[in-house]
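Here are a few friendly notes to read alongside the structure. Please have it open as you go through the points.

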Amino acid sequence: MSQAPALRATALSAFYGRAQVLFDVGLQIAAGEVLALIGRHGAGKSTTLKALIGLTAARGTIQLDGRPLAGLPAYRRARMGLGYVPEERRVFADLTVRENLALGAGRRDFDLAPLMQLFAPLRDLLDRSAGQLSGGEQQMLAVARTLAARPRVLLLDEPSEGMAPLVTAALAAAIAALRAQGTAVLMSEQNLQFVARVADRALLLEHGRVVGSAAPTELLPPSDAVRSVLGL
Ligand SMILES: Nc1ncnc2c1ncn2[C@@H]1O[C@H](COP(=O)(O)OP(=O)(O)O)[C@@H](O)[C@H]1O
Ligand SMILES: [Mg+2]
C-alpha cells in the first residue's frame, strides 16, 4: 500500500516585490522522516518554510497528508497539523512557561507530560515568566509550544543557531524522539554537525533552487557538492 507523503510541495515559486527568490522548489517528506534544507545565507531556506506555512505568498502546490494547503492562511495550516517555529524564537515574555504551552495547545487542560519528557529542563521552570529564561530555554520553549498543538509535520527554521552545545543536544534528542513517533520534520540549518546527527537527508538549496541532495555521510566531511553549495 502506498502512503501519501506527510508533506509534499511542487514547483514552489516565491517573490519579494518583483524579485523572485524561489524557483520551482519541490520536496517531500514522509512520516518519521527528518529532512534538512541547507544552503548559504539568502539561499531561500526561510522563504521555503514561510511559503509552506503560508506566511509568504507562493505559487505551486502544497499537500499535507494529501490535502491541499495552497491559498489557506497560516492558522488554518497550523490547525491541519503543520507546526512552524520561526528563526526568531517567539515566546510570550510576560506569560509563564506553562501559559505559553497552553497557548500552543489551544487549551488549558492539555497533557504536559510528553513535552516535559522531550524538554526536561523546562519542568522546573513551568511557573517562571518566559522572559526570564535563557536563550536556550526560550528556544526549547518555542519548539515545545509548537509541539503542544501536536503537529504531524514540524517546520524548524535554524533550530541550532546561536545555541550552546547542551541546548543543541537537547534539540537533537527531541527531534530523534519525534521522528520515532512518526512526526515529519523539515528544518533549515547551517550547522552541518547538527544536520548529520539528526537528519535522514539534506536538500541543497542555491539561489532559490534545489540543486541536489546529500546523505548524512556526505556532510561530515562535506562532499564537493555540499562545499560548493555552502561556499566552504
Ligand atoms: N521580507 C523580505 N523582503 C525582501 N526580500 C527578502 C525578504 N526576506 C528575504 N528576502 C530575500 O530573499 C532571499 C532569500 O532569503 P531567505 O529565505 O531569508 O534565505 P535564507 O533563509 O536561506 O538565509 C534573499 O535574497 C533575501 O534577501
Ligand atoms: Mg533563514
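This is a predicted model: local features need pLDDT of at least 70, side-chain atom pairs count only at pLDDT 80 or more; totals for chains, interfaces and linings use all residues.

1. Ala4 has a relative accessible area of 44%, and because buried means under 20% and exposed means over 50%, Ala4 counts as partly exposed.

2. Where does Ala4 sit? You will find Ala4 in the segment before strand S1, which spans 7–16. Leaving aside residues up to four places away in sequence, Ala4 touches Asp65 and Gly66. Along the chain, Ala4 and Gln63 are 59 residues apart, yet 9.2 Å separates their C-alpha atoms.

3. Now please turn to ligand 1. The residues around ligand 1 are Tyr16 and Val21, together with Arg40, His41, Gly42, Ala43, Gly44, Lys45, Ser46 and Thr47. By class, this shell holds five polar, three nonpolar and two charged residues. Helix H1, residues 45–53, gives the most to the shell, contributing three residues.

4. The polar contacts are worth a look in your viewer. A polar backbone atom of Gly42 is 2.7 Å from an oxygen atom of ligand 1, and for a polar backbone atom of Ala43 the distance to a ligand 1 oxygen is 3.2 Å. On the side-chain side, Thr47 places a polar atom 2.5 Å from an oxygen atom of ligand 1.

5. How much of the accessible area of ligand 1 does the protein cover? On its own, ligand 1 has 560 Å² of accessible area, and the protein covers 57% of that.

Conventions:
Residues are numbered from 1 along each chain as its sequence is written. Chains are lettered from A and ligands numbered from 1 in the order in which they are written. Side-chain values use heavy atoms; hydrogens and water are left out. A residue is near a molecule or strand if one of its heavy atoms lies within 4 Å of it. A polar contact is a pair of N or O atoms within 3.5 Å; within protein, one must be able to donate a hydrogen and the other to accept it, and residues adjacent in sequence count only if both atoms are side-chain atoms. Accessible areas come from the Shrake-Rupley method with a 1.4 Å probe; for residues, only the protein chains shown count as cover. Helices (H or I, at least four residues) and strands (E, at least two) are DSSP runs, numbered from the N terminus. Ala, Val, Leu, Ile, Met, Phe, Trp, Tyr, Cys and Pro count as nonpolar, Asp, Glu, Lys and Arg as charged, and the others, Gly among them, as polar. Buried means under 20% relative accessible area, exposed over 50%, partly exposed in between (1.4 Å probe, protein chains only). Contact means heavy atoms within 4.5 Å.
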